[in-house]
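Here is a short briefing for a first look. Start with the sequence and the structure, then read the points by topic.

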Amino acid sequence: MKTPTATLRLIDDAVRGLRPDAAAASCLADAPLPLLLEAAEALTLAGFGRSVTYSRKVFIPLTELCRNVCHYCTFAKAPRRIRSPYLAPEQVLGIARAGEAAGCREALFTLGDQPELRYAAARAALGTRGAATTLDYLRQMAELVLGETTLLPHLNAGSMSRDDFLRLRPVAVSMGLMLETSSARLAARGGPHWGSPDKRPERRLATLRAAGEAAVPMTSGLLIGIGETRAERIDSLLALRALHDEFGHLQELILQNFRAKPGTGMAFAPEPPLEEQLWTIAVARLLFGPAMSLQAPPNLRPGELSALIRAGVNDWGGVSPVTPDHVNPEAPWPVLARLAAETAAADRELDERLALAPAQARAAERWLDPALLARVLRQTDSRGLVRSDDWHPGALDAITAAQRAWVARAPRRPEASRAVARILSAAENGMTLSESEVTALFNADRRDFRAVIAAADRLRAAAVGDTVTYVVNRNINYTNICAFHCSFCAFSRGRSARSLRGPAYDLDFDEIARRTVEAAAAGATEVCLQGGIHPRYTGATYLGIVRAVKAAVPSMHVHAFSPLEIRHGAGTLGLGLEEYLRRLREAGLGTLPGTAAEILDDEVRAVLCPDKLSTAEWFEVMRAAHAVGLRSTATIMFGHIDRPWHQARHLLRLRALQAETGGFTELVPLPYVHMEAPLWRRGRSRSGPTLRESLLVHAVGRLALHPLVPNIQTSWVKMGRDGVVLCLAAGANDLGGTLMEESITRAAGGGHGTRLEAAELIALAHGAGRPAAQRTTRYERIQPGRPEQPRPGDDQEVRVA
């Protein structure tokens with residue numbers, strides 16, 4: 001039978017991002033399954049790539065008493081059939097600790113609806129525990145698990161009011177309530193929900209609305225095959241969509257197949273065939289689009305997981321290595337190794353998440369009570385997934401043999417997914433990538449990750465060869481007193497005694513000159529000068545610093561002053577940026593460090609550095625510097641509150657200015673060192689990037705900026721010695737400087753030291769199987785110990801289109 005044109009158009013529109021409206025959605029009831037599956041899989045790949053998530057959980061059945069009588073349920077029992085109405089606190093904690101020991105991160109509390117309204121035994125048991133209601137006791141037990149373990153509670157507590165949600169929100173990262181169906185027909189006499197007041201659709205939908213009003217991340221979904229029609233399933237999905245469009249709080253939808261259970265009223269009811277579940281999943285994907293997380297319990301379709309993935313599933317829900325599925329006890333959880341293998345058989349990759357879905361974890365400040373925020377941020381990466389490794393920038397964490405194998409040189413062209421392969425081809429051909437394409441590279445994992453790393457390494461070899469460069473330099477941080485309040489900075493000291501986390505200092509010109517002489521005696525060709533924005537500093541101060549260096553050692557290259565310092569100096573003298581930069585250049589300034597960039601996106605800067613210069617102001621300074629002939633580096637400080645799309649915007653904005661001026665000499669990725677950062681200590685940031693993320697920023701920086709920015713530097717202070725060797729196989733070609741002294745990372749808790757000798761940098765390059773060479777600040781090769789000489793054309797301005 002020929003498919004109606006209207007149905008074909010609706011499916012095609014859905015793939016292009018136009019969700020079917022309620023009136024048109026009804027035609028999906030008769031749409032051919034193959035067409036729906038093809039469209040649903042395309043949307044799922046667009047929204048989630050090859051990732052299929054799960055949560056490692058422990059199941060805590062707080063009470064099996066329930067006031068409802070669902071005719072398919074074996075979980076709910078009468079008081080005479082159970083040992084105790086409620087689990088005791090020691091039982092709850094015992095289950096939670098067993099889960100914690102097995103690596104679980106989620107404590108799933110499941111319970112019947114308000115049993116105290118039906119059973120005197122429930123009321124009596126609650127009274128002995130100092131609780132008036134089941135929800136009161138649930139709050140006590142969730143608080144106990146939070147206080148005594150590392151687990152994060154997810155609460156399936158039944159029908160609730162807005163006030164109930166607000167009372168439970170501080171002790172749970174998410175909650176759940178299955179709609180099951182919006183069909184009132186199924187709650188009538190003879191239906192599966194007859195005798196179950198809390199299963200009436202209007203009550204379920206009111207509870208889900210109350211959750212939205214309370215900003216609680218919710219899991220909901222449908223139970224397929226309990227007597228509903230396809231049209232009723234579509235109506236149910238549309239009812240959920242309307243709520244989600246209003247509140248955005250549905251973190252995932254479960255499309256669960258009914259299983260007939262002995263001893264229930266529906267023991268002999270037919271179970272839905274696989275095709276009905278696939279149809280429902282695919283239709284849900286078309287109605288909700290690529291961003292909604294769709295789940296199907298893997299233990300209810302053993303051996304058929306590939307089909308569920310093709311239909312649009314991107315999540316397996318909670319899987320427990322410790323406790324059974326108390327709702328479906330006849331269906332054991334799959335062993336995680338088996339689940340990973342079946343997921344891989346469908347050309348997908350299994351990723352662990354928390355009880356909070358990744359999309360909500362990426363917006364944790366919106367969805368979580370402040371008391372829970374730090375616990376989520378510190379366990380997750382930039383994608384909202386569980387951190388994939390225990391490595392942290394600046395810390396002395398070991399890099400494992402398996403992590404070293406990530407950058408193995410064979411094969412030179414690891415197989416990538418079709419989408420990533422297309423992006424890599426465009427990057428290698430020097431094309432400007434889109435924000436979504438760069439974001440996709442930052443999200444790469446496993447096979448795609450290896451392909452991105454290998455592509456960056458090939459591009460590095462083609463662009464700058466195998467030689468690893470370094471500069472012999474000295475850092476001079478002339479003051480740590482700063483009038484600004486960057487939330488990530490552990491280096492600066494404010495003006496009040498209360499703000500001091502160590503001694504404040506302010507070097508005079510003589511001390512700066514003395515350190516410059518010391519640097520020259522040690523063979524340095526560069527001094528790098530930066531500091532806090534001292535409230536007494538003016539533009540004359542910065543001019544004086546440059547003159548002091550050049551008077552002490554005329555041949556020394558002065559690499560100094562962030563765009564923030566330049567803007568501050570110009571403003572205090574009432575000068576335009578270009579005029580002030582010309583004066584600095586005439587005094588002897590050679591190049592600018594591209595610091596104070598952090599993430600060049602004002603959404604991030606509003607949290608990281610709200611009183612610092614904006615993205616536009618940073619670029620204004622750099623454009624002016626390049627216009628007067630001063631080249632600069634560019635930095636990116638990542639792994640705090642930023643997300644992959646913020647990093648993508650940062651790189652693309654750098655690329656745009658580089659195409660205009662050609663003034664950037666290099667990109668310097670700076671992974672966030674969290675240990676002493678005020679933002680982290682307040683529980684407002686992640687614990688720095690993972691090793692995977694750190695390697696990707698180096699690699700994607702190479703790819704996204706090719707061929708305009710030739711050099712990618714890796715920081716040994718932040719990455720450590722083993723880390724920089726990995727970065728040299730991920731697109732980096734430069735080790736930065738010897739430094740001689742380093743204050744900023746050390747103040748943040750970094751433990752990799754403050755100085756490396758040139759011989760040690762050379763050894764690092766050799767450890768990567770590459771030759772090494774000393775360079776100038778401008779990337780000219782020099783012989784060790786030879787002072788930097790001005791190059792022809794240094795007095796010429798940088799190209800401005």
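Ile712 has a relative accessibility of 0%, so it counts as buried. This residue lies in strand β17. The model is a predicted one.

**Around Ile712**

- Leaving out residues up to four places away in sequence, Ile712 touches Leu667, Pro669, His698, Gly701 and Arg702, along with Gly731, Ala732, Asn733 and Asp734.
- Ile453 is 259 residues from Ile712 in sequence, yet their C-alpha atoms are 13 Å apart in space.

**The sheet**

- Seven strands make up an open sheet with parallel pairing.
- Their order is β11-β12-β13-β14-β15-β16-β17.
- The edges are β11 and β17 (711-712). Each has a single partner strand, so one side of each has no neighbour in the sheet.
- β12 and β13 (residues 557-560) run parallel and are joined by four bridges.
- Glu526 has His557 of β13 as its bridge partner.

**Helix α20**

- α20 covers residues 509-521, 13 residues in total.
- From first C-alpha to last it reaches 18 Å, close to the 18 Å expected at 1.5 Å a residue.
- Its N-terminal end is capped by Asp508. A side-chain oxygen of Asp508 lies 3.3 Å from the backbone nitrogen of Asp510.
- Glu511, Ile512, Ala513, Arg515, Thr516 and Ala519 are the buried residues of α20.
- Those buried residues pack against two strands of the sheet, β11 (473-477) and β12 (526-530). They also pack against helix α21 (539-552).

**Nonpolar cores**

- In soluble globular proteins, nonpolar side chains tend to be buried together.
- The largest nonpolar core here has 123 residues. Val452, Leu529, Phe561, Leu584 and Trp618 have the most contacts inside it.
- Helix α28 (residues 691-705) gives the most to this core, nine residues.
- A second, separate core has 108 residues, among them Val173, Ala355, Leu356 and Leu373.
- What does Leu584 contact, apart from its neighbours within four places in sequence? Its partners are Tyr542, Leu543, Val546, Phe561, Ile566 and Leu589.

**Salt bridges**

- Side chains of opposite charge can pair when their charged atoms come close.
- The structure holds 61 salt bridges.
- One of them joins Asp351 and Arg446, with the closest N and O atoms 2.8 Å apart.
- Asp351 is in strand β9 (residues 349-353) and Arg446 in helix α19 (residues 446-464), so this pair ties together parts 95 residues apart in sequence.
- Asp351 counts as buried, at 5% relative accessibility. Arg446 is partly exposed, at 32%.
- Arg446 also meets Asp445 in a salt bridge, at 3.9 Å from N to O. Asp445 is buried, with a relative accessible area of 14%.
- These residues belong to a network of salt bridges that includes Asp351, Asp445 and Arg446. Also linked in the network are Arg50, Asp347, Glu349, Asp381, Arg383, Arg447 and Arg692.
- Arg422 and Glu437 form another salt bridge, at 3.0 Å from N to O.
- That pair links distant parts of the chain, 15 residues apart: Arg422 is in helix α17 (residues 418-428) and Glu437 in helix α18 (residues 435-442).
- Glu437 is buried, because its relative accessible area of 16% is under 20%.

Notes. Residues numbered from 1 in each chain as written. Predicted model: local features only at pLDDT ≥ 70, side-chain atom pairs only at ≥ 80, totals over all residues. Heavy atoms only, no water. Core = buried A, V, L, I, M, F, W, Y, C linked by side-chain atoms within 4.5 Å. Buried < 20%, exposed > 50% of the residue type's maximum accessible area, 1.4 Å probe, protein only. Contact = heavy atoms within 4.5 Å. Expected span 1.5 Å × (residues − 1). Polar contact = N/O pair within 3.5 Å; in protein donor to acceptor, adjacent residues only side chain to side chain. Pairing = 2+ DSSP bridges. Salt bridge = Lys/Arg side-chain N within 4 Å of Asp/Glu carboxyl O.
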